[in-house]
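Thanks for coming. I will keep this short and talk about one topic, the disulfides. Please have a look at the sequence and the structure first.

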Amino acid sequence: MLSRSSRVVAGALVLTLATAVPARAGSLSSSAQGTYATLTYRGPVTQASDLTLTITRHGTAGLHESVSSPMCGRLCWPAPVGPVLRVVNLGGTRPDVVVSLYSGGAHCCFIDQVFTESPEGTFVAKELTLGDPSARLERLSRGPLVFVTADDSFAYAFTDYAASGLPVKILAFRAQHFVDVTGDYPSVVARDAQRWWRAFTSTSSSHYADSVGLIAAWAADEDRLGRATMVARVLAAQARAGHLHSALNPVTSGGWHFVAQLNDLLTRLGYRL
């Protein structure tokens with residue numbers, strides 16, 4: 001039987017050997033039309049490190065570099081929801097590479113990076129910082145794929161995050177820039193408005209105890225559809241009925257004070273012209 005001192009030494013040796021073993025490596029791959037992308041990393045996907053992206057086009061190297069972002073430096077993780085790596089055509093003549101990242105933390109931040117080929121044949125990254133909501137790539141019509149997400153400006157604007165409504169936001173990637181094209185999809189905006197109105201009316205069971213975040217998202221959607229006059233009328237009616245409350249700050253964030261704050265936000269963000 002080993003003495004106590006021998007067991008201590010043996011235990012220390014086992015611990016040293018265990019910590020010396022390198023973290024498990026992994027990789028993700030995607031390809032389309034002769035463009036191949038591989039994302040390698042160390043550790044579990046949910047807390048990966050040393051992310052490296054490699055892109056080739058028809059066998060010619062286009063990119064091989066560490067993945068980083070101003071939001072998280074070189075400590076970004078692969079996004080925990082949806083595909084992390086996609087080779088897709090976003091509307092140009094050749095496929096682009098989309099990498100979805102997460103900065104870590106309870107509520108922030110999702111990041112999408114698009115790598116597109118420059119005239120010199122190298123790949124240039126453009127970054128979209130989404131904040132709390134992630135984005136999904138969808139083809140909403142016969143046009144190119146678009147990024148469907150939500151406007152993070154409304155998070156915490158009037159109440160806590162759990163009770164905040166975030167109106168739909170749709171972005172296209174054009175000429176190496178992200179462009180807000182939400183107004184091009186009125187049917188999507190209308191469905192989103194209906195969803196937030198149903199959520200708002202459902203708070204009647206709690207006497208509208210925390211309702212302002214939900215009706216704010218509804219108002220933004222409806223304003224985008226050009227219905228500002230109707231929105232003003234509905235907000236006034238709800239204020240008079242005593243249905244506008246915030247659990248975060250019940251004294252100053254409800255009623256007419258909330259309506260004034262919301263009008264200011266909608267104007268500042270361009271929802272109300």
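A residue is called buried when its relative accessible area is under 20%, exposed when that area is over 50%, and partly exposed in between. Keep those cut-offs in mind for what follows. The model on the screen is a predicted one.

How many disulfides does the count come to? It comes to two.

I start with the pair Cys72 and Cys76. A disulfide joins these residues, with 2.0 Å from S to S. The angle about the S-S bond is 95°, and the link of Cys72 and Cys76 is right-handed. Now the surroundings. Cys72 has a relative accessible area of 12%, so Cys72 is buried. Cys76 comes out at 1% relative accessibility, and therefore counts as buried.

On to the other pair. Which residue does a disulfide join to Cys108? The partner is Cys109, and the S to S value here is 1.3 Å. About the S-S bond the angle is 55°, and the link of Cys108 and Cys109 is right-handed.

Is Cys109 buried or exposed? Cys109 has a relative accessible area of 4%, which is under 20%, so Cys109 is buried.

Last, the pairing along the chain. If the bonded cysteines are numbered in sequence order, the pairing reads 1-2, 3-4.

To recap: two disulfides, one joining Cys72 to Cys76 and one joining Cys108 to Cys109. That is what I had on this topic.

Key:
Residues numbered from 1 in each chain as written. Predicted model: local features only at pLDDT ≥ 70, side-chain atom pairs only at ≥ 80, totals over all residues. Heavy atoms only, no water. Disulfide = S-S within 2.5 Å. Buried < 20%, exposed > 50% of the residue type's maximum accessible area, 1.4 Å probe, protein only.
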